[in-house]
Amino acid sequence: MRQYGRTPGSVTLLAVSKTWPAAHVRDAVAAGQRAFGENYVQEGVDKVLALQALNTALEWHFIGPLQSNKSRLVAESFDWVHSIDRLKIAERLAGQRPDSLPPLAVCLQVNVSGEASKSGIDLNTAAALAHEIARLPRLRLRGLMAIPAPADDFAAQCLPFRRLRALYDQLRGEGLALDTLSMGMSHDLEAAIAEGSTLVRVGTAIFGERTHT
Ligand SMILES: *Cc1c(COP(=O)(O)O)cnc(C)c1O
């Protein structure tokens, strides 16, 4: 942290619990972890319900690809969605977010690796979409998320994160109240932190290797 000029406490750890049973999440809660990330809607909803018995305030982040027909479950059960990549899904979530809950926190997923990655909105059109999403009711646009194409060396890992950071700074300069740069996973979290990540999404380095996806 400090070697990259970052203050301790400025980066949130999201524990990615996908594929791991609720018992593993419970252990992590006992160890003090509060924010969890899930990729699959039904698996995530099941864990949200299973963990309610703990009576501990947890924060659930949906980070996987989201299909329209599953959006209602996400709008009703999760606190965050990181994988917004089109206006239509944001509009559905806005319409489906219950009034009894706080606004759904959302991040725009941006394709920072061009051809090498298919997920996320194009870097060139992301700004326009961000401004449209920021106007929707029941959602609060918090920031940007990216999953860069895998790279082995540190400098190569930094590049796509730097692009996301530049877009983040641009949008803040244009008046959007963003506070979240969701970037960095087990294999590239140091590079992400060096480039300004405020939230790293870590699965393997916390729970171990997944045996299936
Ligand atoms: C699985 C996943 C992670 C965690 O990946 P690890 O390599 O296990 O740390 C982070 N973000 C997203 C979007 C994921 O799907």
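Start with the side chain of Q33: one of its polar atoms lies 2.8 Å from the backbone oxygen of L13. A polar atom of that Q33 side chain also lies 2.8 Å from the backbone oxygen of A35. Both are polar contacts, meaning a pair of N or O atoms within 3.5 Å; within protein, one must be able to donate a hydrogen and the other to accept it, and residues adjacent in sequence count only if both atoms are side-chain atoms.

A word on the source. This is a predicted model, where local features need pLDDT of at least 70 and side-chain atom pairs count only at pLDDT 80 or more, while totals for chains, interfaces and linings use all residues. Residues are numbered from 1 along each chain as its sequence is written, and side-chain values use heavy atoms, with hydrogens and water left out.

Back to Q33. It lies in the loop between helix 1 (22–30) and strand 2 (35–38). Helices (H or I, at least four residues) and strands (E, at least two) are DSSP runs, numbered from the N terminus. Is Q33 buried or exposed? Q33 is buried, at a relative accessible area of 15%. Buried is under 20% relative accessible area, exposed is over 50%, and partly exposed is in between, with a 1.4 Å probe and protein chains only. Setting aside neighbours within four places in sequence, Q33 is in contact with L13, L14, A15, A28 and L58. Contact means heavy atoms within 4.5 Å.

Next, K47, in helix 2 (residues 41–52). K47 is buried, with a relative accessible area of 5%. Where does the side chain of K47 reach? To the backbone oxygen of S17, at 2.9 Å. Leaving aside neighbours within four places in sequence, the contacts of K47 include S17, K18, T19, W20 and W60.

Most residues other than glycine have a negative phi. T19 counts as buried, at 14% relative accessibility.

N55 also has a positive phi, about 55°, and is not a glycine. N55 lies in the loop between helix 2 and strand 3 (59–62). N55 is exposed, with a relative accessible area of 74%.

Now V29, in helix 1. V29 is buried, at 8% relative accessible area. Leaving aside neighbours within four places in sequence, V29 is in contact with R34, F36, L51, L54, T56 and L58. V29 and L51 are 22 residues apart along the chain, and their C-alpha atoms are separated by 9.4 Å.

Helix 4 (residues 87–96) next. I89, A90, L93, A94 and Q96 are buried there. An α-helix has 3.6 residues a turn, so residues three or four places apart point the same way. What covers the buried residues of helix 4? The cover includes helix 3 (71–77), strand 4 (80–84), strand 5 (104–111), helix 5 (126–134) and strand 7 (139–145).

Last, the ligand. Residues around the ligand include V16, K18, N39, I63, R201, T204 and R210, each with a heavy atom within 4 Å. A polar side-chain atom of R201 lies 2.9 Å from a ligand nitrogen. A ligand oxygen is 2.6 Å from an N or O atom in the T204 side chain. For the R210 side chain, the distance from an N or O atom to a ligand oxygen is 2.8 Å. The protein covers 91% of the 390 Å² of accessible area that the ligand has on its own, by the Shrake-Rupley method with a 1.4 Å probe.
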